[in-house]
Amino acid sequence: MTDINAANSAPIIDLRTSKQHPARLADRLLPTITRACVAIGLLVLATLVVQVFVEGWPRLSLDVITKFPARKAEMAGARSAFFGTIWVIGFTAALCIPIGVGAAVYMEELADNNRWWNRLIEVNVQNLAAVPSIVYGILGLSFLVRGLGLGQTVIAGALTLTLMVLPTVIIASREAIKAVPSSLRQASIGLGATQLQTIGRVVLPAATPGIATGVILALSRAIGEAAPLILIGGLTYIKFSPTGPSSAFTVLPIQIFNWISRPQEEFRTLAAAAIVVLLGILLVLNSLAIWIRNHARRNA
Amino acid sequence: MSSITVPVAVPSSDLLRDVSSSSVFELRGVNVHYGTHLAVSDVSVDIAEHQITAFIGPSGCGKSTLLRCFNRTNDLIVGATVSGLVRYHGINLYGPDVDAIELRRRIGMVFQKPNPFPKSIFDNVAFGPRVTGMAKRDLNDWVEVCLRRAALWDEVKDKLKQSGLSLSGGQQQRLCIARAIAVRPDVILMDEPCSALDPIATARIEELMIELREEFTIVIVTHNMQQAARISNRTAFFGVDVSEVGVRRGVLIEEGATYDLFTKPRQTRTEEYITGRFG
C-alpha cells in the first residue's frame, strides 16, 4: 500500500551511539581511569608490604618484641618501643575519645550555632586539624613537659598525641552525630526522655559506627607519629618497658627511625621487622574498628 | 437537604457519633509564632476525653504546629513561641511550674514517618519505661501487653530481638504506637500517622485507633478527609487566611462533631473543602 511506502520513506532515526562525541568517549574511559586510581593505591601498599616483609624476613620473629635494644644488632629487639607504643596509644585513646565525643556533643546538640563564638569554635577546630604534628610537639614540650612538669613521660606523650588528634576525633564525631536523623531525637523527647537520656540512649548509639571510624583513623595517625614525640623526649634507647604513666618511654616509629639511621645493614633489617610489627598493630586497630562498626550496625 | 450535593465522605458508623464528655485540653486564643511570623492565629477549641479528634485542612494551615503545643514539642523549635491559654486537665501547660518532660510522659506522640529507634523491637517498646524508671522484672510482661494492644504481638513475638527497622512500614508504625502507649499516656497525638503507608496498613492502624479510643484520648492530624470521616468523633477544620500583603496564617474555621461537620457544615469554606471544590 502507498501508506506503508510513505512510512518507509519517513525520516530515518539513528539511535546508534555517536561514538565521536567527546563526552561519550569519556564515559567509556571512566571505568578504566577509576580502576587505575584504585590500582595505584593498591600497588603502592602491596609494594610497601612486600618490601618490608622481604627486608625484615631474616629478623622476623618474636625476638623483635621480646628483646630490648642492644648495641649488637643480632641481640637487639624493640620490646621497649612495642610496649611504649601500646602504653602511649592506650592513654591517647582513653583521653581523646571522651573529650572528643564530649566536645562534639556540645557543638552538635547543645550549642546555638547562631552565636558567633560557637561558629568561631567550629572554624578553629577545623584549623587545628591542619596544624603540623611538630607544632603539637613544641606545645607538648613547653606546656606539658616543662610547664606542667610532667617530664619526658608516657602521659606527656599521650597528652601531646591527644591534643594532636582531638580535632580529627571531634570533626568525625560531629559528622556522625549530625547524621543521626532528628526524627529519632523527636521520638525520644516525645517519650519523656531527658536530653541526657536522648543523647546517651539514642544519639550516641546511632552515631557509634561513624565515631569509631573517626577515632581509629585518628589513632592510626597517632601511632605512626615520631616527630612530636622525639621533640618531647621519647628516648631512642631505653632498656626497660614503661611501667606506668610516669615512665620514660620510646615508641616504634622512633626506634625504627633510630635503627634506619645506623650504618650497619643488620639494624636496617631489624627496622624492617619493626615496621612489620607496627603494620600489625595498625591492622589490629583497623579490624577492631570494623568489628565495632559491624557490631553497632547489627544491633541497629 | 443541605446545599451539599456530593459529600466526599460521610461517616457511617453510629459508634463514631460524638458522645459529650469532659475536656482533656482547652485552648483559648492560642497563637503560635515562628520568629515574628504568626503561624497559627487565635485558636480556641476543646479536646474531648476518650474521643478521636481529627485536625483537617490544607497544607500550611498550622494543624501540625498546633498539635505540637499539646506536648510542648514546639519548645524545641528555635524561635517558636506559644501565647494564649493551653489547659490540660485544667492546668496551664505553659505555666511556670510545668515540667515539659513530665508532661511528655503523659502525652504520647506518633509521627508521620514511622521512626522506630535503630534498636530491637523489644528495646523500642521498653525505651519509654526504661527512661521513666520501670523495674527490670516488669519489663517483659509490659512490653508484651503494649505490643498486644498495638495489634503487633502475633507478628513479632518470635523476633523481639530483631531490629525494629526490619519490619514493614505499617508494622513499624504500630511499633511506634506500642512504644508511645508503653509510657501509659492519657493522650496520644498522631501527626499524619498513615500518610506514608499503603491502604491495607492504613486500615489496620485506623482499626487500632478506634480500639485505643477506649483507653486514650487521641488527636490526629490528617490530610485525608475520608480518614477523618471514618475514625474521628470530632473534627476541627483549619484554613489559611492570606492577608493583603500575602502573609499566610493558619486559623480554625470550624469545629464540631464529625458527622455534623461533614453533613451540614456551618461555614462555606468547610463545605468547599470537603466537597473538593477547594484545597
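In the hairpin of β1(B) and β2(B), which residue takes a positive phi? That residue is G35(B), with a phi near 65 degrees, and the hairpin has two residues between its strands. Please keep in mind that this is a predicted model.

**Around the hairpin**

H33(B) stands opposite L38(B) in β2(B). Strand β2(B) also pairs with strand β10 (residues 248-257) of chain B, this time in the parallel sense over two bridges. There, S41(B) has V251(B) in β10(B) as its bridge partner. The table sets the two pairings out together.

| Strand pair | Sense | Bridges | A facing pair |
|---|---|---|---|
| β2(B) and β10(B) | parallel | two bridges | S41(B) and V251(B) |

**Chain B as a whole**

Stepping back, chain B has 10 helices and 10 strands. Its radius of gyration is 19 Å, close to the 19 Å that the globule rule gives for 279 residues, so chain B is as compact as a globular protein of that length. Along the principal axes, the C-alpha atoms of chain B fill a box of roughly 60 × 45 × 35 Å. Of the 279 residues in this chain, 46% count as buried. Among its contacts between residues at least 6 apart in sequence, 72% join residues at least 24 apart.

**The nonpolar core**

Which residues touch the most other members of the largest nonpolar core? They are A274(A) and A178(B), in a core of 148 residues. Helix α7 (residues 154-178) of chain A gives the largest share of this core, 16 residues. If you zoom in on A274(A) and leave aside its neighbours within four places in sequence, you will find V64(A), A78(A), L252(A), Q255(A), I256(A) and W259(A) in contact with it.

**Where the chains meet**

Finally, have a look at the place where 14 residues of chain A are in contact with 19 residues of chain B. On the chain A side, α8 (182-190) and α9 (195-223) each supply at least two residues. The largest share of that side, six residues, comes from α8(A). By class, the chain A side has eight nonpolar and six polar residues, with no charged ones.

Conventions:
Residues numbered from 1 in each chain as written. Chains lettered and ligands numbered in written order. Predicted model: local features only at pLDDT ≥ 70, side-chain atom pairs only at ≥ 80, totals over all residues. Contact = placed C-beta atoms within 7 Å. Helix = DSSP H or I, 4+ residues; strand = E, 2+ residues; numbered from the N terminus. Nonpolar A, V, L, I, M, F, W, Y, C, P; charged D, E, K, R; others polar. Core = buried A, V, L, I, M, F, W, Y, C linked by C-beta atoms within 7 Å. Buried ≥ 20, exposed ≤ 12 C-beta atoms within 10 Å, placed from the backbone. Rg over C-alpha atoms; globule rule 2.2 N^0.38 Å. Pairing = 2+ DSSP bridges.
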